[in-house]
Amino acid sequence: MVTALSPSPRLLGLNESPYPPLPSVRKAIRDAADRAHRYPPFHPDRLARRIAAWCGAEPDAVAVGSGSVGVALQLLQAVIRPGDRMLYAWPGFDAYPLLARMAGAEPVPVPLLPDGRQDLTALAGAVDQRTRVVVVCNPHNPTGSLVTGPELAAFLARVPEHVTVLLDEAYIEFVRHPTVPDGLRLTADRPNLLVLRTFSKAYGLAALRVGYGLGDPHLVERVRDQQLPFGINAVAAAAVEATLEAGDELVARVDDVIVERERLYHRLAGLGLPVLPGQANFLWLATGPDRDTHHAAAAALDTARIHARPWPGEGIRLTVGRPADGDAVVSALSPLGKGRRGQ
């Protein structure tokens with residue numbers, strides 16, 4: 001008797017790209033692996049210069065780290081003193097409270113607005129003399145909501161100079177909204193602003209851990225001072241440099257994810273499910289505090305072997321994958337949608 005194999009799980013919980021590295025990037029990885037017996041540069045200065053040129057920034061305005069979380073930790077280590085506070089919207093990226101505690105700061109979550117947006121008024125109002133860092137995630141993880149250019153400018157004007165603003169743009173490549181702020185331009189007038197970006201999401205290099213920060217050279221110098229020696233491995237650096245040369249191909253992949261995001265959103269919304277429109281490579285199913293609704297959705301996805309990211313009492317984040325992944329999500333959640341429409 002032949003036992004049918006269970007289908008492979010659909011990994012839609014970590015906002016990874018559904019596509020492997022491009023052939024040109026894979027070649028760079030293989031070539032660099034042949035030199036794995038050699039140390040990488042003590043500091044990733046060449047890589048920082050390449051990224052700066054790619055972004056249109058000055059070389060001294062870029063710091064490189066182990067993913068955007070690595071750069072964030074370097075910043076916190078540079079500016080945090082014992083007893084300081086770090087503010088961020090919640091629910092949010094799981095690493096924020098962890099990084100705060102690692103740097104010796106008190107993590108201070110600020111609730112989101114009911115529509116899933118960050119409450120910038122409450123964030124600014126919570127700043128006090130102990131506050132050293134405020135995080136704005138744009139687009140926001142996990143809800144996918146966007147802070148517009150005017151909203152961000154008004155917020156920054158309220159933040160005192162002794163507070164560093166960490167603008168986390170890990171998903172900025174997926175935004176097509178006309179009012180998206182230009183984080184790099186804002187750093188020219190804001191010496192207390194550091195913009196975080198990563199090669200993990202849109203560029204499909206999550207396993208290689210390379211991110212970067214953009215900001216005023218004086219702030220960036222302090223971030224660079226916290227750089228771990230030999231901290232960016234040569235395989236990762238080679239992959240990033242090859243990625244910088246693959247612009248059109250990568251833009252096409254991002255466009256494909258955006259098309260799938262919109263398709264999946266409209267299908268879930270058409271079922272009557274509480275899905276929010278998003279500007280990243282994921283969607284937020286706002287189940288809210290209704291435990292039955294949340295449990296039913298989480299159980300349906302689990303039964304279909306779909307790995308999503310639940311926030312009990314808040315919602316479920318669904319990474320946008322390939323169309324077949326989206327079809328599986330819709331199939332798993334359809335019974336819940338039909339039930340809602342029949343109420």
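**Sheet and pockets**

Mentor: In this predicted model, four strands form an open sheet in the order β9-β10-β13-β12, and their pairing is antiparallel.

Trainee: Why are β9 and β12 said to stand at the edges?
Mentor: β9 (275–276) and β12 (309–311) each have a single partner strand, so one side of each lacks a neighbour in the sheet.

Trainee: Which strands does helix α11 touch?
Mentor: Helix α11 (residues 291–303) packs on the sheet and touches β10, β12 and β13 (315–319). The direction of α11 makes about 30° with that of β13.

Trainee: How do you know which residues line the largest pocket?
Mentor: A lining residue has an atom within 4 Å of a pocket point. By that criterion 20 residues line the largest pocket, and L14, F93, Y171, K201 and R209 lie nearest its centre. The space in this pocket is about 370 Å³. Its lining divides into seven nonpolar, six polar and seven charged residues.

Trainee: What is the volume of the second largest pocket, and which element gives the largest share of its lining?
Mentor: The volume of the second largest pocket is about 260 Å³. Of its 15 lining residues, E161, H162, T164, P191 and N192 are the closest to its centre. Helix α8 (residues 217–224) supplies the largest share of that lining, three residues.

Conventions: Residues are numbered from 1 along each chain as its sequence is written. This is a predicted model: local features need pLDDT of at least 70, side-chain atom pairs count only at pLDDT 80 or more; totals for chains, interfaces and linings use all residues. Side-chain values use heavy atoms; hydrogens and water are left out. On a 1 Å grid over the protein atoms alone, a cavity is a set of points where a 1.4 Å probe fits but cannot get out, and a pocket is an open set with protein on both sides within 12 Å along at least five of seven lines; lining residues have an atom within 4 Å of a point. Grid points are joined across faces, edges and corners, and a volume is the space filled by probe spheres set on the points. Ala, Val, Leu, Ile, Met, Phe, Trp, Tyr, Cys and Pro count as nonpolar, Asp, Glu, Lys and Arg as charged, and the others, Gly among them, as polar. Helices (H or I, at least four residues) and strands (E, at least two) are DSSP runs, numbered from the N terminus. Two strands pair if DSSP finds at least two bridges between them. Contact means heavy atoms within 4.5 Å. Axes are lines fitted to C-alpha atoms, for helices over the stretch in contact, and angles run from 0 to 180 degrees between N-to-C directions.
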